[in-house]
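Thanks, everyone. Let's walk through one model together. Please look at the structure first.

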Amino acid sequence: MLEEYHALGREFDALSVYNDQVERLVQSQEQEKLSLQQQMDDMELTQREVVPLMLRMIDALAQLVRSDIPFLQQERSQRVVLLRELMDRADVAVAEKYRRILEAYQIEMDYGRTLEAYRDELDADGLQRTVDFVRVGRVGLYYQSLDGAQAGYWDRHARGWIDVDGADRLAIRQALRIARKQAAPELLRVQIPAPEQARP
């Protein structure tokens, strides 16, 4: 009986230590549960604040596309439409929506420092024709007809196309060749609208 008593005493001591350890684990889990609940509450609050910000960002992007020089209009407008549709989808996480908006902003930013040539429709003087465009950052947009007989540039102030001839037409042809990597990069001598004075 004495041996059984000692065995039960050892078992009791072991169970007491185990129970103390389990109690500390339960307390730690309760603290973790409270922390996770606080994080979830904070995340819900953040989402309520971030969603209006994202909608304002999309509106600002749409305004930029409307007021900017008219390059790749269809592609850029479509990007804004897709972002608006994405915001209404419940199956896409807020983080993914935000990432896609930032990606659209990055694309727009990249337009400001690149030289690009592409073929598209030009609507001028009520006529629509296919021409080659060359975009110099966000500074200038130029076109040349496919036969090279006509060329022009977008005038921000007039919000329209200005026809050019002679040396200016040759400069646009050279800009197209450089943008297509058919000629080595060199200084471009094309018409650029004068900068506007910043308004206070």
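Start with strand 4 and strand 5: they run antiparallel, joined by five bridges. Strands pair if DSSP finds at least two bridges between them. Strands are DSSP runs of E, at least two residues; helices are runs of H or I, at least four; both are numbered from the N terminus. Asp155 stands opposite Gly160 of strand 5. The hairpin has four residues between its strands, and Arg159 there takes a positive phi near 50°.

A word on the source. This is a predicted model, with local features needing pLDDT of at least 70, side-chain atom pairs pLDDT 80 or more, and totals for chains, interfaces and linings using all residues. Residues are numbered from 1 along each chain as its sequence is written, and side-chain values use heavy atoms, with hydrogens and water left out.

Now helix 4, residues 167-179. Its 13 residues should span 18 Å at 1.5 Å a residue, and the end C-alpha atoms are 18 Å apart, which agrees. The expected span is 1.5 Å times one less than the number of residues.

Which residues of helix 4 are buried? Ala171, Ile172, Gln174, Ala175, Leu176, Ile178 and Ala179. Buried means under 20% relative accessible area, with a 1.4 Å probe and protein chains only. These buried residues pack against strand 1 (115-124), strand 2 (127-136), strand 3 (140-145), strand 4 (151-155) and strand 5 (160-164). Contact here means heavy atoms within 4.5 Å. Just after helix 4, Lys181 takes a positive phi of about 65°.

Key
Buried < 20%, exposed > 50% of the residue type's maximum accessible area, 1.4 Å probe, protein only.
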